[in-house]
Number of protein chains: 2
Amino acid sequence: MTYCVALKLNEGIICLSDTRTNAGIDSISKYKKMFTWQAPGDRVITLMTAGNLAITQAVVSLLEENIEHPEDGIETLFTAPTMFRVAEIVGDAMRIVMGRYGPGLTAAGESSASSIVVAGQRAGGDMRLFMVYSAGNFIEATADTPYFQIGEHKYGKPILDRVIDPSTPLQMGLTACFLSMDSTLRSNLSVGMPLDLAVMRTDDVSFDQLRRIEEGDENFAALSDAWSAALRRSFDEMVQIPV
Amino acid sequence: MTYCVALKLNEGIICLSDTRTNAGIDSISKYKKMFTWQAPGDRVITLMTAGNLAITQAVVSLLEENIEHPEDGIETLFTAPTMFRVAEIVGDAMRIVMGRYGPGLTAAGESSASSIVVAGQRAGGDMRLFMVYSAGNFIEATADTPYFQIGEHKYGKPILDRVIDPSTPLQMGLTACFLSMDSTLRSNLSVGMPLDLAVMRTDDVSFDQLRRIEEGDENFAALSDAWSAALRRSFDEMVQIPV
C-alpha cells in the first residue's frame, strides 16, 4: 500500500509520502512516491502517487520524457502556463497510460486504479492542490477540505479532521502530517519508512523543505513517542468520565 | 456500513455496536446489530453482525426459530454445552443461509460477505470471543489480540492498539470502546448513533450492562467533547517537537 497526505494551508502546501509498496503481502519493496520539479521563481511542482505502481511509474516517466525530449508544440510541466494546465497534463498522461495498459490489467483481473496528487505554484498564480484520478479527471482542494490523502487513508484521517483548516500555521500542519503518518505506520504494515517531505511556502515559488526522513530518525521517533505518551495521558483522563 | 467492537479483558467482555445501515448512500436506515440471550447463571451470549443485512438477519432469525421451535435433537443457543458449540451453531446457521442466498447474490453482482462476533460465557466454562466469517468458519480472540472489530474498523483501531491488553480494567476498556466508536462516528457518515452496549463480567454469567446509548446522550457527548479537547491540547504540545 501507500500513504500520502497533502495539506493546502494559507501559508503553503505540505506533501508527505511513505515509500513502501507491495505486490501481495510477501513482495514488499521500497519505492519513492514523491516526484518534484522546480525552476525557482518560475514554478514549483510536487506529485505523489498511489495505486498500481507500473501505471504511476509510467505516468511519471512519460512526463519526464516529454520534458527531456519534447515533441513539437507539446506542453510540459516546465512550459505549462498555470498549475491548472499542469494538472491537465498529468491527467492527459494518466489517460494515455491507462489506455495502453488498463484493458490488459482488467482482462487479467488486476486493478489499474491509481491516483496522483498534484501540488505547486506557478509564478503569478496561486498555490494549488489537485487530485488526479485513474480516468485523468481531477478535483481541487478547497477551504472546506484543504487536504487530500491517497492510499491507506483511514487511520490518519481523524487527526486531520480535528485540527486542520486553511488558517492552520505551517509548522502545526507539519506536525499534523507527521502524526497522521505515525498513526498509519502503527496500524498498517503496508505503509513504511522512510518518508519523503516537500514543503512549499506560498509565493516563494521554490521548495522550503525537500528531504527524506529515514527509518530511525531521532526527531520523528521523539514526536512519535511524545504523541503516544500524550494520548495515553489523555486517555487516562477520559476514564474518569463515565458514559 | 457498520461499526462493532468487542474486547475480551480478564475482567470481562465488552460489546459495542452502532445502528446505521445503508444500501447505497441514499438509502440509510437504523437497524439493531446486537442480539443477546441469557439464562442468568447458565449462559450469557451476545452476537454483533456486519455485512449484508439480509444475510445476517436471516442467520439471527434461524437461530431464534430453532430456539422457539426446535426440531428433534437440534442444538440451540440455549442448549449448547459450551461457547465453542455456540460459535459452531452460529457458523452452521451462516453456512445454511449463505448456501441459500449466496449464489443468487453473486450472480446479481451483490456482496453476500458478512461477519458475526460471538461473545459470552457458559457456566463452568471460560468467557470466549469468536468471529464467524461468511463461510461459517471462525477464529477466537487471544491474549495477543484481545479484540475484534467488524465493519468500518480502521478509524477506531489506533486507540485500541495503543491502550488495550487483556489486563486493562473493564472501565478503561469501556472508555476505549466509546472513543474508538467516537472516532469512527466522526470520520464516517455510514456509522451512526444510537449505540448498543453489552457488558459481561467474567464468571457473572449474566449481563452487567445491557443498554442503548441514544443520539444526544449527555454522558457520551461529554466524553466526546473532553476527548476532542484533550487531543487538541496534546496536539498543541506536539507542535513544539520539530521533526
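The legends below accompany close-up views of a predicted model.

**View 1. The open five-stranded sheet of chain B.** In this predicted model, five strands of chain B form an open sheet in the order β10-β1-β2-β11-β12, with antiparallel pairing. The edges of this sheet are taken by β10 (147-151) and β12 (209-213) of chain B, each of which pairs on one side only. From one strand to the next, the twist averages 10 degrees. Within the sheet, strand β1 (residues 3-9) of chain B runs antiparallel to strand β2 (residues 12-17) of chain B and is joined to it by six bridges, and B:K8 stands opposite B:I13 of β2(B).

**View 2. Helix α4 of chain B on the sheet.** Helix α4 of chain B, which comprises residues 170-187, lies across β1, β2, β10, β11 (195-201) and β12 of the chain, and it runs at about 20 degrees to β2(B).

View 3. Strand β7 (residues 114-122) of chain B is mostly covered, nine of its nine residues being buried. In a regular strand, side chains alternate between the two faces of the sheet. Both faces of β7(B) are covered, with B:S114, B:I116, B:V118, B:G120 and B:R122 buried on one side, and B:S115, B:V117, B:A119 and B:Q121 buried on the other. Strand β6 (residues 43-51) of chain B pairs with β7(B) in the antiparallel sense over nine bridges, and the bridge partner of B:T46 in β7(B) is B:A119. Strand β8 (residues 128-132) of chain B also pairs with β7(B) in the antiparallel sense, here over five bridges, and the bridge partner of B:V117 in β8(B) is B:M131.

**View 4. The hairpin of β7 and β8 in chain B.** Five residues lie between the two strands of the hairpin formed by β7(B) and β8(B), and in this hairpin B:G124 takes a positive phi near 90 degrees.

View 5. Most residues other than glycine have a negative phi, and most peptide bonds are trans. In chain A, a cis peptide bond with omega of about -5 degrees joins A:M193 and A:P194, and A:P194 is found in the loop between α4 (170-187) and β11 (195-201) of that chain. In chain B, the peptide bond from B:M193 to B:P194 is cis, with omega near -5 degrees, and B:P194 is found in the loop between α4 and β11 of chain B. A:D203, a residue other than glycine, has a positive phi near 70 degrees and lies in the loop between β11 and β12 (209-213) of chain A; because its relative accessibility is 58%, A:D203 counts as exposed. B:D203, although not a glycine, has a positive phi of about 70 degrees, and its place is in the loop between β11 and β12 of chain B; with 58% relative accessibility, B:D203 counts as exposed.

View 6. Two copies of a chain are related by a rotation about an axis and a shift along it. Here a rotation of 180 degrees, with 0.0 Å of shift along its axis, superposes chain B on chain A with an RMSD of 0.0 Å, and the two copies are thus related as by a two-fold rotation axis. Of the residues of chain B, B:Y155 comes closest to the rotation axis, its C-alpha being at 2.6 Å. Since 100% of the interface residues of chain B are also interface residues in chain A, the copies meet through the same surface.

Conventions. Residues are numbered from 1 along each chain as its sequence is written. Chains are lettered from A and ligands numbered from 1 in the order in which they are written. This is a predicted model: local features need pLDDT of at least 70, side-chain atom pairs count only at pLDDT 80 or more; totals for chains, interfaces and linings use all residues. Side-chain values use heavy atoms; hydrogens and water are left out. Two strands pair if DSSP finds at least two bridges between them. Helices (H or I, at least four residues) and strands (E, at least two) are DSSP runs, numbered from the N terminus. Axes are lines fitted to C-alpha atoms, for helices over the stretch in contact, and angles run from 0 to 180 degrees between N-to-C directions. Contact means heavy atoms within 4.5 Å. Copies are superposed by least squares on the C-alpha atoms of residues with pLDDT of at least 70 in both. Buried means under 20% relative accessible area, exposed over 50%, partly exposed in between (1.4 Å probe, protein chains only).
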